[in-house]
Amino acid sequence: MKLPATLSLIFVPAVVQAVLTTSFDPVYDNVNGSLATVACSNGANGLLTKGFTTFGSLPSFPFIGGAPAVTGFNSAGCGTCWKLAFTNSSNITTSINILAIDVATPNFNIALAAMNNLTNNQAEQLGRVPITATQVAASVCGLTMSIVFLHPPLIPNIAFTVTICVYGCRSDASNFKMSIT
C-alpha cells in the first residue's frame with residue numbers, strides 16, 4: 001500500500017549573532033584533506049558518519065573552517081552553518097556562508113579561498129578581519145536532513161521516509177515529502 005502525502009515543515013534556527021573576527025588556514029583549502037583530521041570527523045555529530053570523506057566532498061567546499069560553535073570532537077556544533085559578514089574600509093559589506101567542521105576559539109578560522117571571497121582577495125594582506133557571524137540553517141551550506149522510520153511496532157509492513165528541507169526551500173513545497181509504503 002502506497003499513500004503519498006506532503007508534509008510542510010520549516011525549521012528556522014534561533015538568531016545567534018556575534019561580532020567576532022576571522023582568520024584563514026590554507027589546510028582547509030585542500031580538496032583532498034581528510035575529514036578524519038578535524039573535530040567533526042566521526043561520532044553522532046561527525047561528518048564522516050553522514051557520508052562525507054574529504055573537504056572537497058562537502059557541498060560547501062571551500063567555504064569551510066573552524067567555528068566557535070564547535071567545542072571539540074563530536075560537538076553538537078559540527079555541521080552548523082554561519083553567515084559571516086565583513087565590512088571593508090569603503091563601508092562595503094560582503095558575506096559568505098561557512099560550514100563548521102573544526103574547533104576555532106574564540107573566533108572563526110576558515111579556508112583561504114573563502115576568506116579571499118569575503119575580503120575581495122585581501123586575506124593574506126589583512127590576516128584577520130572583524131566580522132559579524134550569524135547562525136543560519138545547515139541547508140544554506142548544502143546539508144539536508146532525512147528521517148527514516150522503519151516498521152513502527154504497531155503498524156507492521158509500513159515504512160515511513162520523511163525528507164525535510166530546513167532552509168532555502170523551493171516555494172512549490174516539492175522539498176517537503178513524506179511517503180508511506
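Student: Buried means under 20% relative accessible area, exposed means over 50%, and partly exposed is in between, using a 1.4 Å probe and protein chains only. Is phenylalanine 108 buried or exposed?

Tutor: Phenylalanine 108 counts as buried, at 2% relative accessibility. Before we go on, this is a predicted model, where local features need pLDDT of at least 70 and side-chain atom pairs count only at pLDDT 80 or more, while totals for chains, interfaces and linings use all residues. Residues are numbered from 1 along each chain as its sequence is written, and side-chain values use heavy atoms, with hydrogens and water left out.

Student: Thanks! What pLDDT does the chain average?

Tutor: The average pLDDT (the predictor's confidence in each residue, from 0 to 100) is 80, and 70% of the residues score at least 70. Residues 1-15 have a pLDDT below 50, and in the model this stretch has 28 contacts (heavy atoms within 4.5 Å) beyond near neighbours in sequence. Residues 147-151 are also below 50, with 14 such contacts.

Student: Why should I care about low pLDDT?

Tutor: Where pLDDT is low, the predicted coordinates should not be read in detail.

Student: OK, new topic. Which secondary structure does the chain have?

Tutor: There are two helices and ten strands. These are DSSP runs numbered from the N terminus: helices are H or I with at least four residues, strands are E with at least two. Starting at the N terminus, the order is β-β-β-β-β-β-α-α-β-β-β-β.

Student: And how much of the chain is buried?

Tutor: Of the 181 residues, 39% are buried. As for contacts with a separation of 6 or more, 63% of them are between residues 24 or more positions apart.

Student: How many aromatic pairs are there?

Tutor: Two. Rings of Phe, Tyr and Trp (its six-membered ring) pair if their centres lie within 6.5 Å; planes under 30 degrees apart count as stacked, over 60 as edge-to-face, and the rest as tilted. Tyrosine 28 and phenylalanine 55 have ring centres 6.1 Å apart and planes at 55 degrees, so this pair is tilted. Both residues sit in the loop between strand 2 (17-24) and strand 3 (64-67), 27 residues apart. Tyrosine 28 and phenylalanine 55 are both buried.

Student: What about tryptophan 82 and phenylalanine 108?

Tutor: Their ring centres are 5.8 Å apart with planes at 65 degrees, so that pair is edge-to-face. Tryptophan 82 is in strand 4 (residues 81-87) and phenylalanine 108 is in strand 6 (residues 108-110), so the pair ties together parts 26 residues apart in sequence.

Student: Is tryptophan 82 buried or exposed?

Tutor: Tryptophan 82 is buried, with a relative accessible area of 8%.
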